[in-house]
Amino acid sequence: MASYSFSSPGYVNIPPYYNTTPNSCSGLNFQYSLPESYTTNGTSSVSTSSGTLPYSTQPAFDPTYYHQFPPSFSYPYYPSSAYPSPYTSNQLTTALKPSEEYQNESIPLSIHDHSNPSTSNSPSPSIKIDGKICSTSKSKTNRNRNKIQQLSPDLDNNIERIFIWDLDETIIILHSLLTGSYAQHYQKDPQAAMNLGLRMEEIIFNLADTNLFFNDLEECDQVHIDDTSSDDNGQDLSNYNFSTDGFNSSSSSSNMNNTVRGGVDWMRKLAFRYRRIKDIYNNYRMDIQHLLGQQKYEELRQLRLDIETFTGSWLTLASKALNIIKQRKNCINVLVTTCPLVQGLSKVLLHGLGSVFDVENIYSATKIGRDNCFERIHTRFGRKPTYVVIGDGRDEELAAKQLNWPFWRINEHQNLTALVHALEWQFL
């Protein structure tokens, strides 16, 4: 069976198995041409002396080449026996649409989008109605709480495709720097890798501790930013002093605030913290410089450049894929991370990913596991959208299979490049 592949570093050919309907590619306008020389005798051959080849239009290229293959969805760069794919022939049929041109400029390290932040995509309660008291039924607390209006925005009902991303080792490289596995795999200096990882880890925890209440919330982590909003009475927090509200000393029943851990008052203070985190994220998601200050921002900027150089522009490739999805109508990026929610939000902000992930679309699987997170996302958006899971590990692949969702594995640069091409050609 003939196949084509780019020999340039980091480039692979988009596999032909995405075509599942006859003549579906006849109208596509391929934006990426093949290398200058190739053969059709079963394997491709590209000769180069400089290492990187220019790409030019090949008049002999026949798009109907893609029609000769059956709709098999096994990845060409993984043995099908080791990584069986959950793709079925009818799941991505609707994905094949006439190609639209996308801008291919390199995505900078910081993805700045100065447009107004999009409205909330979450049906979770977020709007407070002051003065409207709802008397509770016979509950454990048997007290009145302010009822928060629950909304389901129309945007959630119009979503057609949802891309669920893993964070660590899929979008950003951090853990493998700390452990040295990245350096070992790519034959790089392990000590240099560890130093880069430790520097980034320090900045992440510093932001989480200083601005996102990580010390307060370490033992009461949440799956979603709005999980405590039902305990929020909508109080104005402009002059609220979080350091003296008695939240940390709640283990003592004799403190001046008489706050009992897990009680109504304590839960309200917990909700205040998550509301402040949400406000900070929305205010600085595309302007992290003003949150960190000029000096710390310059340190972060230089560190990210160093990591990008060390990792072969891994984050830049992932950001390009994320940005393509963001520009599409009725498609969204959702993040499911295995680290605590506050730590995950800190990573997103510091890596310039705030513009492609709304805070309502970020979930932490630390407490409930990845499979339960996927179920929760499925319950939120319903059966109408198509779900695609993108990750590096076996856990997210198995969780995707339980729901019969397609899974795209990322553990090499070529996987990211292939994903970008598939998105640009509208195969995904």
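Modeller: Let's settle one word before we go in: buried means under 20% relative accessible area, exposed means over 50%, and partly exposed is in between, using a 1.4 Å probe and protein chains only. This is a predicted model, where local features need pLDDT of at least 70 and side-chain atom pairs count only at pLDDT 80 or more, while totals for chains, interfaces and linings use all residues. Residues are numbered from 1 along each chain as its sequence is written, and side-chain values use heavy atoms, with hydrogens and water left out.

Now the site. An unreviewed UniProt entry has a "binding site" annotation covering Asp166, Asp168 and Asp392. These three span 227 residues in sequence, yet no two of their C-alpha atoms are more than 8.5 Å apart, so they gather at one spot. UniProt positions are given in the numbering used here, feature names are shortened, and annotations may be inferred rather than shown by experiment.

Take Asp166 to begin with. You'll find Asp166 in the loop between β3 (161–165) and α2 (175–179); helices (H or I, at least four residues) and strands (E, at least two) are DSSP runs, numbered from the N terminus. Asp166 is buried, at a relative accessible area of 6%.

On to Asp168, which sits in the loop between β3 and α2. Asp168 is buried, with a relative accessible area of 16%. Beyond its neighbours within four places in sequence, Asp168 is in contact with Leu174, Thr337, Lys347 and Asp392.

Lys347 lies in helix α10 (residues 341–350) and is buried at 5% relative accessibility. Between Lys347 and Asp168 there are 179 residues in sequence but 9.3 Å in space, C-alpha to C-alpha. Not counting residues up to four places away in sequence, Lys347 touches Leu167, Asp168, Ile172, Leu174, Ile204 and Cys339.

How values were computed:
Contact means heavy atoms within 4.5 Å.
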